[in-house]
Amino acid sequence: MSRVYNFSAGPAVLPEEVLKEAADEMLDYRGTGMSVMEMSHRSKAFETIIQEAEADLRELMDIPDNYKVLFLQGGASQQFAMIPMNLMKNRVADYIVTGQWAKKAADEAEKYGTVNRIASSADKTFSYIPDCSDLPVSEDADYVYICENNTIYGTKFKELPNTKGKTLVADVSSCFLSEPVDVTKYGVIYGGVQKNIGPAGVVIVIIREDLITEDVLPGTPTMLKYKTHADADSLYNTPPAYGIYICGKVFKWLKKMGGLSAMKEKNEKKAKLLYDFLDESKLFKGTVEKKDRSLMNVPFVTGDKDLDAKFVKEAKEAGLENLKGHRTVGGMRASIYNAMPYEGVEALVAFMKKFEEENA
Ligand SMILES: *Cc1c(COP(=O)(O)O)cnc(C)c1O
């Protein structure tokens, strides 16, 4: 068996240790005689799985008691609607548009109320994060929305926007658990887990309790109310049980690795290796303003479409997979999430050096 270095933006690489453990437990989960896929979500065994997953996540992120942790379905994209449906009491919200995911969220919210796009980096193909220290936050805004790490463009908010007292809502899909966060600065933190945590099918929503109310927009389906899921501890209906089980294993792996501060250090070291090379390369160029560079998603180009295509093809042959950039940016993108080992980035940089020599 040989595994490639998988630089996919998502679904993405998972820790090998976790996959092996899941394989070992596939046919008989800890003496139950069945796999986690086959067991009732009301069983004692699954109850323990979901409770431990939540407890470990709370420990990793230092989540205060007045926040609920919800394990939901529907992808990150379903939150684009759930957030306005549950939070838009005044039917006004402010969005900071730093990429396609934030734009989609803003467009969806517009179905439910007034959306003010108070800042954007669309003028330069989302290659930077706008200054958010003094934005025209709307007086009656129910919340201010950001996409904290822009998976497609490779930018990250290094400082949270000044929301002038308004609730901050953040899509952290592609930077979830990549570094420590101060949960108290947010009203809602959410993300699809398929980027940096687990298999597709689970969305984690961390939400302050006062934002969970019955006072939702008229016509909001039961399944799209945060209250439904909060009241039932994410077991209102059948949850994405197997996905939650794998997320739980990844949380334990992160704890074993030393937690989020240790992950941040590792992620900085990996990203530095690649960014330093991009900065000195005569062939490859990073596409993002340096101060706003993501630790997770690293887009780069040669400036020549044919050469980009050749690079992606030859990299794949060398066991470096999924380096093609998003169609809206072109070029290449290396996603170097928590589970990508340092050796993977070393292999990528070595291959880039060789490619540069051969194609100078
Ligand atoms: C991938 C991604 C999404 C969309 O996720 P789905 O689970 O496919 O809906 C939303 N936001 C960000 C930041 C993403 O990276």
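User: How does Glu289 count, at 33% relative accessibility?

Analyst: This is a predicted model, in which local features need pLDDT of at least 70 and side-chain atom pairs count only at pLDDT 80 or more, while totals for chains, interfaces and linings use all residues. Residues are numbered from 1 along each chain as its sequence is written, and side-chain values use heavy atoms, with hydrogens and water left out. Buried means under 20% relative accessible area, exposed over 50%, and partly exposed in between (1.4 Å probe, protein chains only). At 33%, Glu289 therefore counts as partly exposed.

User: Which side chain meets that of Glu289 in a salt bridge?

Analyst: A salt bridge requires a side-chain nitrogen of Lys or Arg within 4 Å of a carboxyl oxygen of Asp or Glu. The N to O distance here is 3.5 Å, and the partner of Glu289 is Lys291.

User: What is the relative accessible area of Lys291?

Analyst: Lys291 is classed as exposed. Its relative accessible area is 52%.

User: How far from an oxygen atom of the ligand is a polar side-chain atom of Thr151?

Analyst: Thr151 is one of the residues around the ligand, a shell defined by a heavy atom within 4 Å. The separation between the polar side-chain atom of Thr151 and the ligand oxygen is 2.4 Å.

Technical notes: Polar contact = N/O pair within 3.5 Å; in protein donor to acceptor, adjacent residues only side chain to side chain.
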